[in-house]
Amino acid sequence: MSYILADIAKKIGAAVIGDEQCEISSIATLTSATSGQIAFLANSKYSAQLATTQASAVIITKAQTNLCQTNALVMDNPYMGYALVAQLLDTTPNPANSIHPSAVIADGVTLGKGVTIGANAVIETGVNLADGVSIGAGSFIGIAAQIGAHSSLWSNVSIYHGVVIGEQCLVHANTVIGADGFGYANNKGSWVKIPQLGTVIIGDNVEIGASTTIDRGALGNTIIKNGVILDNQIQIAHNVVIGENTAIAACSVIAGSTEIGKNCVIAGLVGINGHINITDGCVFTGMTMVTKAISEPSVFSSGMPCQPNKEWHKNNARIKKLESLTKRLMTVEKDIDALKS
């Protein structure tokens, strides 16, 4: 697969400087690119690499053209250009290319045009797979689940009964959607299970990373709205609502019945308490612990950066004395106030 620069420029909305007929077959970094490859410059601190890159073409801004020694595609946002060219040159295979003979498809399943189902997948009764849906090998689609047009599930994905997935979604391997939420009542020390009677509803253009778990609602539904992107190994508990275009990085955990607004960015290893609301546009840096509702958008942090072990032990010892130091300081302040008066 290859494209000439003129065709790439049309597809990504860029202007060509140099040879419009130059052929491009793949993408690489500025330092590793060779002939036939295209690179990009999205961070100005790497500008010096433009003079030495062996790429056949680079994606740059207009202000960077004087530094470029090769063919260029010029646009305002080179990183977006990189994303669009990557889509154009993507060689990722489909999760499945046909309906494999070993797939188990129950009676009462509705299959749209061009549906593909991999080996040993199980599709239970009442399932509706819309046009162009692709189900990877070993996946399980439970009773009455619905998957929208052109959505793809990779291998060993488990979709429980009644789950609804929208159009153009991508679910990576080993993800579980619709398992029971963690609902129990305590009876004199014994745990009594509460059946989880809701489901999971996922909007359009949602991507869910590998081994992520999204629990079904206890009574209402767990809802993931349009455009959300979820990284690998995320836990989303029952009745959580995540707003449009929010991004969550790996290993973050969201407790039950929390509502997160749209356009939020949540870094890795963030923990969010249950039964709280987080407004639109919030940013949480890595390892932040969110315990209370947030009504004003901002950037929030609480994770402690690493430090030498001896220094950490000293600081930890000081933290343990913080309460007594605070009381002593308050006493000193009272004494000073008394002397002043």
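Q: Is aspartate 180 buried, partly exposed or exposed, and what decides that?
A: Go by relative accessibility: under 20% is buried, over 50% is exposed, and partly exposed is what lies in between. In this predicted model, aspartate 180 comes out at 34%, so it counts as partly exposed.

Q: What does the side chain of aspartate 180 meet?
A: For a salt bridge, look for a Lys or Arg side-chain nitrogen within 4 Å of a carboxyl oxygen of Asp or Glu. Here aspartate 180 pairs with lysine 193, N to O, at 2.9 Å. Lysine 193 is partly exposed too, because its relative accessibility is 41%. A search of the whole structure turns up 1 salt bridge.

Q: Which parts does the pair tie together?
A: Aspartate 180 sits in the loop between strands E20 (176–179) and E21 (184–187), while lysine 193 belongs to strand E22 (residues 190–193), so the link joins parts 13 residues apart in sequence.

Q: Where is threonine 53, and what does its side chain reach?
A: Find threonine 53 in the loop between strand E5 (37–40) and strand E6 (57–60). At 10% relative accessibility, threonine 53 counts as buried. Its side chain reaches the backbone oxygen of leucine 30 at 2.7 Å. Setting aside neighbours within four places in sequence, threonine 53 contacts Leu30, Ala33 and Val58.

Q: In what order do the strands of the open sheet run, and which stand at the edges?
A: Follow the pairing from strand to strand: 10 strands, paired in parallel, run E10-E13-E16-E19-E24-E27-E30-E33-E36-E38. E10 (116–117) and E38 (299–300) are the edges; each has a single partner strand, so one side of each lacks a neighbour in the sheet. At the E38 end, E36 (residues 283–284) pairs with E38 over 2 bridges, in the parallel sense. Phenylalanine 284 has phenylalanine 300 in E38 as its bridge partner.

Methods:
Residues are numbered from 1 along each chain as its sequence is written. This is a predicted model: local features need pLDDT of at least 70, side-chain atom pairs count only at pLDDT 80 or more; totals for chains, interfaces and linings use all residues. Side-chain values use heavy atoms; hydrogens and water are left out. Helices (H or I, at least four residues) and strands (E, at least two) are DSSP runs, numbered from the N terminus. Buried means under 20% relative accessible area, exposed over 50%, partly exposed in between (1.4 Å probe, protein chains only). A polar contact is a pair of N or O atoms within 3.5 Å; within protein, one must be able to donate a hydrogen and the other to accept it, and residues adjacent in sequence count only if both atoms are side-chain atoms. Contact means heavy atoms within 4.5 Å. Two strands pair if DSSP finds at least two bridges between them.
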